[in-house]
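Please keep the structure in view while reading.

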Amino acid sequence: ISILLLPAYYYRNDNSWKEKVDEHLPNLLREISDAQKVGLPLPRAVIEASKRQYGPLTDELQLMAAKISWGIPFSQGLREMQKNIQTPLFDRTSILILEAEKAGGQTDEIFDSAYVHVTELLGLKRERLASMSSYTWIIVVAFLVFAFVIVILLNSFFIQLAKQSAQLKTSSGSSLNTFGGLPLHLASLQLLFFHLLLIEGLFSGLIASKMSTGRYTQGLFNSIYLLILAWGIFKLGALFA
């Protein structure tokens, strides 16, 4: 859990920042398109758009506008902005804008098309999150069922088995608890089941995030929650009743 905390915190903040950038991207495209419709060239339209607020996209846009005002070409400034943001949606949009600048002509229509395209992609992403959220809970419930089965097995079967083996040891004078000729160490078995529960919790959190968001990294906090739950079951004595 301690090892996962730092990368989980980093990836959660990074993914949250990128999601907010993507959410404000359609507004930026619309502002640039509107500025071009009133006769402003593309670099000037970007400078004017940078005076408005677009969440975390604002700082990167203002930096790009400053570079353009210093004489840096628009294409170079956009590529540097693309490297700083690095989201798949912004990468595709940047390629479209660069190609539009090379082609010339009425780029405002291209920005309008990009606005519609980006808006549709974000809508599809929200629909995916809504449709896959139920599967995330299914995975969590599967983990709880797995933990419940382990607790039941240990308390209703293996502990009774260990007691019977202890009685056989006492009557036979053997130095080991055995069942079917094999040694039976209840503490080792309990620890083994606990390790299985930890493995299940770790990968359940990652898989739930992959199914819902498409990224394993966003599932680190889910894994931490399930690991804490597994550790709680272990420490509360559910595996040692």
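Helix 1 (residues 2-37) packs against helix 8 at an angle of about 145 degrees, and their axes lie 8 Å apart. The model is a predicted one. From helix 1, the residues in this contact are L4, L5, P7, A8, Y9, Y11 and R12, and helix 8 supplies L220, F221, I224 and L227. Sorted by class, the contact of helix 1 with helix 8 has 10 nonpolar residues, no polar ones and 1 charged residue.

A second pair of helices can be described in the same terms. Two packed helices are described by the angle between their axes and the distance between the axes. The table lists both pairs.

| Helix pair | Angle between axes | Distance between axes |
|---|---|---|
| Helix 1 and helix 8 | about 145 degrees | 8 Å |
| Helix 3 and helix 4 | roughly 155 degrees | within 9 Å |

How are helix 3 and helix 4 oriented to each other? Their axes cross at roughly 155 degrees, and angles over 145 degrees count as roughly antiparallel, so helix 3 (residues 57-69) and helix 4 (residues 74-85) are roughly antiparallel. The crossing of helix 3 past helix 4 is right-handed. On the helix 3 side, L57, E60, L61, L63, M64, K67 and I68 take part, and they meet F74, G77, L78, E80, M81, N84 and I85 of helix 4. The residues of this contact comprise 9 nonpolar, 2 polar and 3 charged.

Next come the aromatic rings. The structure holds 3 aromatic pairs. One of them joins Y10 and Y11: the ring centres are 5.3 Å apart and the planes stand at 65 degrees, so this pair is edge-to-face. Y11 has a relative accessibility of 30% and therefore counts as partly exposed. Another pair is formed by F221 and Y225, with ring centres 6.1 Å apart and planes at 35 degrees, so the pair is tilted. F221 and Y225 are both in helix 8, 4 residues apart, which is about one turn of the helix.

Is F221 buried or exposed? F221 has a relative accessible area of 15%, and because buried means under 20%, F221 is buried. S223 also lies in helix 8 (residues 220-235). With 0% relative accessibility, S223 counts as buried. Leaving aside residues up to four places away in sequence, S223 touches G201, L202, G205 and L206.

Technical notes:
Residues are numbered from 1 along each chain as its sequence is written. This is a predicted model: local features need pLDDT of at least 70, side-chain atom pairs count only at pLDDT 80 or more; totals for chains, interfaces and linings use all residues. Side-chain values use heavy atoms; hydrogens and water are left out. Helices (H or I, at least four residues) and strands (E, at least two) are DSSP runs, numbered from the N terminus. Buried means under 20% relative accessible area, exposed over 50%, partly exposed in between (1.4 Å probe, protein chains only). Contact means heavy atoms within 4.5 Å. Axes are lines fitted to C-alpha atoms, for helices over the stretch in contact, and angles run from 0 to 180 degrees between N-to-C directions. Angles under 35 degrees count as roughly parallel, over 145 as roughly antiparallel, 65 to 115 as roughly perpendicular and the rest as oblique. A crossing is left-handed if the near helix is turned anticlockwise from the far one by less than a right angle, and right-handed if clockwise. Ala, Val, Leu, Ile, Met, Phe, Trp, Tyr, Cys and Pro count as nonpolar, Asp, Glu, Lys and Arg as charged, and the others, Gly among them, as polar. Rings of Phe, Tyr and Trp (its six-membered ring) pair if their centres lie within 6.5 Å; planes under 30 degrees apart count as stacked, over 60 as edge-to-face and the rest as tilted.
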